[in-house]
Each structure stands twice: as C-alpha cells, then as structure tokens.
Amino acid sequence: MMTVVTTETELLSTKAPVPPAKHRIFTLRRFTTPIVVAVILGLLLWWVSSLQLDSIEQRTLNWQYIARRTGEHLSLTVVASALVAVLAIPLGVITAKSPSKVFRAVVLALANIGQATPAVGVVILLAILWQTGYTTALVALVIYAFLPVLRNTMIGIDQVDANVRESARGMGMTPMQVLTRIELPLAVPVILAGLRTALVFCVGVATIATFINAGGLGDMIVNGLKLQRYPVLVVGAVLVACIALLIDWVAGFIEDIVTPRGL
Amino acid sequence: MSDSTATRAANGAVSAVSTRSGVGITLDSVSKIYPGQQAPAVEDFSMSVRPGELVMFVGPSGCGKTTTMKMINRIIEPSSGSIAIDGRDVLSLDPNELRRHIGYVIQQIGLFPHMTIAENIAVVPRLLGWSKQKTADRIDELLTTVQLDPGTFAARYPKQLSGGQQQRVGVARALAADPPVMLMDEPFGATDPITREKLQAEFLRLQESIGKTIIFVTHDFDEAIRLGDRIAVLSDRSQIEQFDTPASILSNPANDYVSSFIGQGAALKRLALIPITDARLKAATGASGVPTVVADASLRDALDALVLAGLPAIDVVDGGRAVGSITIDAISEALGAEVPGMPPAGA
C-alpha cells in the first residue's frame, strides 16, 4: 500500500533515518514450539518408564521399534511433500498462466477430488487396484496433499498486483522474465504456506499407511487399539502430534528465511 | 533566495543525467477496438508530437486517453493505424525491446516490493546488459536527480518510502536507461495536493534539463496547464477536441466541450501562465513597507498580491531593486493582449 504523507509531523517522521528492515529470525517466541514438544516428550518418557510393561508392550515400546516407525513416518511425509512440491508448483504456474478457463477448472476439479475423497478411501482403493506397500502409500499421500500446493501456487501468482505486473511488462521484461523475476518471488510466501499445509496433512495421513502395510507410526496406534495396550496407542499418537508440530515449526522457520525481504 | 539556489543545484545534478534528448512521435489513424465490443475505444487518432515536447492528454475517465498512450509502447496493441517513434514503425519492432527504450510511469507506480530501490532502478539497465559499475553509477546519479539521498535510500524497500518518495523512484526508474520517450499515466494522481504540487515543480525542472519527448495522461486540467507544452483535450473514443498550447486553449477554446473542461476561472488560469514582465509596467512607486512582487512571478501572483494589499499599484522587484509597478489595469491589458486581433501589450 502507498502511504500518503498528510501532516508535517508525519513528513518529518518519514524523513528520519530509518534503518533498512531486518528480519528478526531468532527470537524467544521462535523457540516456544520445540520447548513445548521437548517437555511433552519428556513427560511421556517419564510416564512410560514408570509403567510395568508386559511382553506385548515391550515388543513395541522400545527405542529400536519406535525409531524405525518414526523413520518410516518421516520418510513418507517428507518424500511425499517433496514430490508434491516438484509436481504441484509447476502445474500451478502453468494453470495460473493458462488463458483457458476450462483447463483451470479441470485441474482444480481433479485436485479437489483428490482431497475431498477420504484419505483412507484413496489408500485402500489404490491398494486394491494396484499393490500394497510404501510406494502406494506415497502415491496416496501425494494425491491427498496436492491441492493446497496447487491452489496456493495459482493464488500466489494471481494475487500479484496488476500494476506491478504492468510496470514489469512496460519496462520490457519478457513474459518469462516477469514470471521468474517478479511473479514467482512475490508468490513465494503463499506457495510456502501451501507447502506447509501439505506437510502437516502428510504427517497426519501417513498414519493410515499402516492399513496397506507401509509402516509408520500408524502401526503403533492401530496395534495399541487392537490389542488394547493403551500405552502403545498413546505413545504412537503423541509422537505423531509432536512430529506434526515440529515439522510445522521447521517449515515456518524456512518460510521466514526464504520469503523475499521487503514483503 | 534559497529556493533558486536549490533549483540551480538540482539542475546542475540533472545536466549529466541525460545525453539523449527526445525524438518525434507520430500516430497515424490509430484505432483500437476491443474484441466483443461494438464501439471502438480509440477511433482514428492522428497526432504528431515534436521532439522534446511534453504533450498532455486530458479527458474524462473512460475517454480512451490511457488506451491511446498505452498503444505507443504496445502494452495495448492497436487494431489499425500506424505509430512511429523517430520515424521507425513501432509495430515492426520486438515489443520487449521497444519498451526497454521507452520510459513508463503509471499512477500506482508499480515498484517491485521485493527489490530495493537500487534494484528497482537497475531493472532496465540489467535487461540491457549494462555493467555493474555503470548501473551503480547511474542509480546514484538518478537518485540525486530526484532528490533522494542515495546513501539513505538505495538499500531501502519500497514499503519503507512515503507515497511522494515512491513516485520519485518511479520517475527515476523510468529514466534509468535514458530513454528518448517517456509515457506517464497520471503519475501524480495518487498523491496528496501538497506532495503533488512539489512533484510537478520538480518534474518541470527535470524536463527543462533533459528535454525528453513525453506523453503525459491526466484528468486534471490544471495539471495539464501547469506542465504541458501542448494539451490535447480528448472526448469519447479519444477524439481530439483541441490540440494546442495551454495559453491558446484557455483564451480560445475550440468548442463548448473544451470550455466545459476548462471550467470556471479561465482568465485566472491564464494569468498563471503569463510572466509579470509581459505586462506594461509603470514607474516604481518607491513606497516602503508595502508588499511587493518578484519580477519572475506570474501575473496571477501579482494579482494575488494586489488584492491582498488593497493598493492600486504595487512594486515589482528584481534582485531587491524596484523595476516598476503593476496595476490591475496592466494585468487586464496583458490578458487582452493574448486575444488575437488586439494590439499586443507594450506595443
């Protein structure tokens, strides 16, 4: 927005030397999330170690098992999100730039279907039609998390001020230069917000991978439920929640670093 | 006077800014019909703009003045007709290459928010492949020209600047590659009256020293009178109702449409364009302690001083010395002298 100087004092205040804006990245508030997560995990550890675990619980509640399931879970989440980024951002750019309203509508409708269908449904359907295992779970996650990134890329590019676009064009930038030098940098915050949403989606939905034998922390939750071993269930659920919080925190951190200054 | 020293200093800084002065622009039977619309937005527009001339397009909103201007750098492609800059047909040039050699300033400025002021100004030089050093020198030079301290402003982002400062950067950015032609679409429209007047004065001073060929679109007739060498008063479909100097349009409006556009107080507006020295001055009264008016002011300033003083005549001073006195009669006479068929003042 443009600020119009209206009063003498305002005029003076705008003339006062203002240092260039600096990102305040490392603040105390910034570290609230990891501290909270550490406290929760500490309490969980203290609670579990105070319990008398039976043989079934011992098979699950040990460092090796938990580390493997967490690794699977993270791998599913991160690889799926990376695939979404690689696929949905270019498609979003193409769709935003496409003059065809029909093409836009079709792409958005397909992405909507991916997300509107219950995640369990997508996973099971794919498993029936194709195969079980890690790859299938990955594909299901990609389908599910596609929409937020696609839509945010489109919105991010669409929302670039028409005047900024026109002055870029008026200065003699080619359409490609307008895209790479102006539109994409200005869309970065919106695209990253979509990616962040996708990441958090993936952490949650990756728990379903257990139904098609693709591992992850869903194994602990489902086993805990089926075998009525509540410590197992609780540890699985709390870990998923903590991962979601941490991933969101890391994404927010990256967002602040990558967002162009001046915005 | 401190003001005039400031002016001289600014002009001194400006003289190095431009090595290329303006070139002529010719529009010949240019029309624009938007697809799906019956009536053309611009119909059969022909105009010849002289090198170094500042031509104002004035007209109500939606009259097609902006469309006409934007066809010159092909932001809008004309449906028919031809446009030539310096004798070269713009429609045969690569539009991107063409635009790099035409300065372009729009009302909303359109500074790139993610780039610093220096980076904003460097856009066209970068597109043209200038060296880093040449670009950096140019940025310093231009910021100084638009009266922004390079040390303070170069590293700032647009949102840290006031509206008036952003508009100055917009002008500096358009001048970056020293284009012979500038297109300006209501560049001062979104600023408050005080800032606008200041920007207009600075702009006039700048144009005096750089002599670009400028097409300037505005809906503010007073702005057109103040800035323009010639004014084109446009009506619907960008029809030219009158194309003449501000003084001629004020003294001799071509038709009712132009008269209505001038509005009330045409005589007063004309007075602002005539220097005091054009009036027949009488002998200085030599009275002390009464208001005086400086010799390089306009007749409007003189009238203002006369009315305020309530005296039949006040002295005109040049460099502290009274060179004569001015009366209401002399002002009326000078105004009458602008009408053809009357003997000119001082004849």
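This is a predicted model: local features need pLDDT of at least 70, side-chain atom pairs count only at pLDDT 80 or more; totals for chains, interfaces and linings use all residues.
## A loop in chain A

Helices, whose runs have at least four residues, and strands, whose runs have at least two, are DSSP runs numbered from the N terminus. Is A:Thr210 buried or exposed? It has 23 C-beta neighbours inside 10 Å, and a residue is buried at 20 or more, so A:Thr210 counts as buried.

Leaving aside residues up to four places away in sequence, A:Thr210 touches A:Gly215, A:Gly216, A:Gly218, A:Asp219 and A:Val222. From A:Thr210 to A:Ile221 the separation is 11 residues in sequence and 9.3 Å in space, C-alpha to C-alpha.

## Where the two chains meet

Let us turn to the contact between the chains. On one side are 27 residues of chain A, and these are in contact with 33 residues of chain B. Which helices of chain A each supply at least two residues of the side that touches chain B? They are helix H8 (162–170) and helix H9 (175–205). H8(A) gives the most to this side, with 6 residues. By class, the side of chain A that touches chain B has 15 nonpolar, 9 polar and 3 charged residues.

## Nonpolar cores

In soluble globular proteins, nonpolar side chains tend to be buried together. Here the largest nonpolar core has 128 residues, and A:Leu141, A:Ala145, A:Phe146 and A:Cys202 are those with the most contacts inside it. Not counting residues up to four places away in sequence, A:Phe146 touches A:Val84, A:Ala88, A:Ala111 and A:Gly114. Another core, of 19 residues, lies apart from the largest one and includes B:Leu271, B:Ala302, B:Ala305 and B:Leu335.

## A helix pair in chain B

Two packed helices are described by the angle between their axes and the distance between the axes. For helix H14 (residues 299–309) and helix H15 (residues 328–336) of chain B, the angle is about 155° and the axes are 10 Å apart. Angles over 145 degrees count as roughly antiparallel, so H14(B) is roughly antiparallel to H15(B). Their crossing is left-handed.

Which residues make this contact? From H14(B) come B:Leu299, B:Ala302, B:Leu303 and B:Leu306, and they meet B:Ile328, B:Ile331 and B:Ala334 of H15(B). The contact of H14(B) with H15(B) has 7 nonpolar residues, with no polar and no charged ones.

## An enclosed helix in chain B

Helix H2 (residues 65–72) of chain B is largely enclosed by the rest of the structure, because 8 of its 8 residues are buried. Its buried residues include B:Lys65 and B:Lys70, along with B:Thr66, B:Thr67 and B:Thr68. B:Met69, B:Met71 and B:Ile72 of H2(B) are buried as well. After H2(B) comes B:Arg74, with a positive phi near 60°.

## Positive phi in chain B

Most residues other than glycine have a negative phi. B:Gln147 has a positive phi, near 60°, and is placed in the loop between helix H6 (132–145) and helix H7 (150–153) of chain B. B:Gln147 counts as partly exposed because it has 16 C-beta neighbours inside 10 Å.

B:Asp178 also has a positive phi, near 50°. Where is B:Asp178 found? Its loop runs between helix H8 (163–175) and strand E7 (181–185) of chain B. With 18 C-beta neighbours inside 10 Å, B:Asp178 counts as partly exposed.

Definitions and conventions:
Residues are numbered from 1 along each chain as its sequence is written. Chains are lettered from A and ligands numbered from 1 in the order in which they are written. Axes are lines fitted to C-alpha atoms, for helices over the stretch in contact, and angles run from 0 to 180 degrees between N-to-C directions. Angles under 35 degrees count as roughly parallel, over 145 as roughly antiparallel, 65 to 115 as roughly perpendicular and the rest as oblique. A crossing is left-handed if the near helix is turned anticlockwise from the far one by less than a right angle, and right-handed if clockwise. Two residues are in contact if their C-beta atoms, placed from the backbone, lie within 7 Å. Ala, Val, Leu, Ile, Met, Phe, Trp, Tyr, Cys and Pro count as nonpolar, Asp, Glu, Lys and Arg as charged, and the others, Gly among them, as polar. A nonpolar core is a set of buried Ala, Val, Leu, Ile, Met, Phe, Trp, Tyr and Cys residues joined through C-beta atoms within 7 Å. A residue is buried if 20 or more other C-beta atoms lie within 10 Å of its own, exposed if 12 or fewer, and partly exposed in between; C-beta atoms are placed from the backbone.
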